[in-house]
Amino acid sequence: MFMTISRCHVKAGSEKEARALLEKEMLPNDGKKPGEVIEGLVGFGLMKSKKDPSMYGIATVWESEAAFDKMAANPRAKDGGGIVEKLQKLCDGDVKGEGFYIESL
């Protein structure tokens, strides 16, 4: 399996707007599983830092790095469907992400 983790510092006063954006984009309420919407996506999570309430994290888990690469090759995926640009406006600094191989759970 393959995982991506992205993190960002949300600007003071923008926390509710950022959380609403992330929940709207990351937590579908139509009863579908992530893999039914995006091929190869196992799941995702929205996190908030315990020590820094302005720090948010987004994790995605993929069946494989190849599944992630296939999604990333989609021109619309380059901007996260617009979510990255929208989130960036609510953050101090960049939205930074990195990929990881899951070796064990």
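## Salt bridges, core and cysteines in a predicted model

The structure holds 3 salt bridges, a salt bridge being a side-chain nitrogen of Lys or Arg within 4 Å of a carboxyl oxygen of Asp or Glu. This is a predicted model, in which local features need pLDDT of at least 70 and side-chain atom pairs count only at pLDDT 80 or more, while totals for chains, interfaces and linings use all residues. Residues are numbered from 1 along each chain as its sequence is written, and side-chain values use heavy atoms, with hydrogens and water left out.

| Pair | N to O distance |
|---|---|
| E23 and R19 | 2.9 Å |
| E39 and K70 | 3.2 Å |
| K89 and E85 | 3.9 Å |

Side chains of opposite charge can pair when their charged atoms come close. E23 and R19 both belong to helix α1 (residues 15-26), where they are 4 residues apart, about one turn of the helix. Helices (H or I, at least four residues) and strands (E, at least two) are DSSP runs, numbered from the N terminus. E23 is partly exposed, because its relative accessible area is 30%, and R19 is partly exposed at 33%. For these classes, buried means under 20% relative accessible area, exposed over 50%, and partly exposed in between (1.4 Å probe, protein chains only).

E39 and K70 form a salt bridge with their closest N and O atoms 3.2 Å apart. This pair links distant parts of the chain: E39 sits in the loop between α2 (34-37) and β2, K70 sits in helix α3 (residues 65-72), and they are 31 residues apart. E39 has 56% relative accessibility and so counts as exposed; K70, at 54%, also counts as exposed.

K89 and E85 lie 4 residues apart in helix α4 (residues 83-89), about one turn of the helix. Both K89 and E85 are exposed.

The next topic is the interior. In soluble globular proteins, nonpolar side chains tend to be buried together. The largest nonpolar core has 13 residues, and those with the most contacts inside it are C8, V10, L22, Y56, I58 and L87. Such a core is a set of buried Ala, Val, Leu, Ile, Met, Phe, Trp, Tyr and Cys residues joined through side-chain atoms within 4.5 Å. At least two residues of this core come from each of β1, α1, β3 and α4, and α1 gives the most, with 4 residues.

Contact means heavy atoms within 4.5 Å. Neighbours within four places in sequence aside, Y56 is in contact with S6, R7, C8, V10, E15, R19, L22, L46, M47 and K48. S54 is found in the loop between β2 (41-48) and β3 (55-62) and is buried, because its relative accessible area is 17%. Its side chain makes a polar contact with the side chain of D52 at 2.8 Å. A polar contact is a pair of N or O atoms within 3.5 Å; within protein, one must be able to donate a hydrogen and the other to accept it, and residues adjacent in sequence count only if both atoms are side-chain atoms.

A search of the whole structure finds 0 disulfides, a disulfide being a pair of cysteine sulfur atoms within 2.5 Å. C8 is in no disulfide; its nearest cysteine sulfur, that of C91, is 3.6 Å away. C8 counts as buried at 3% relative accessibility, and C91 counts as buried at 4%.
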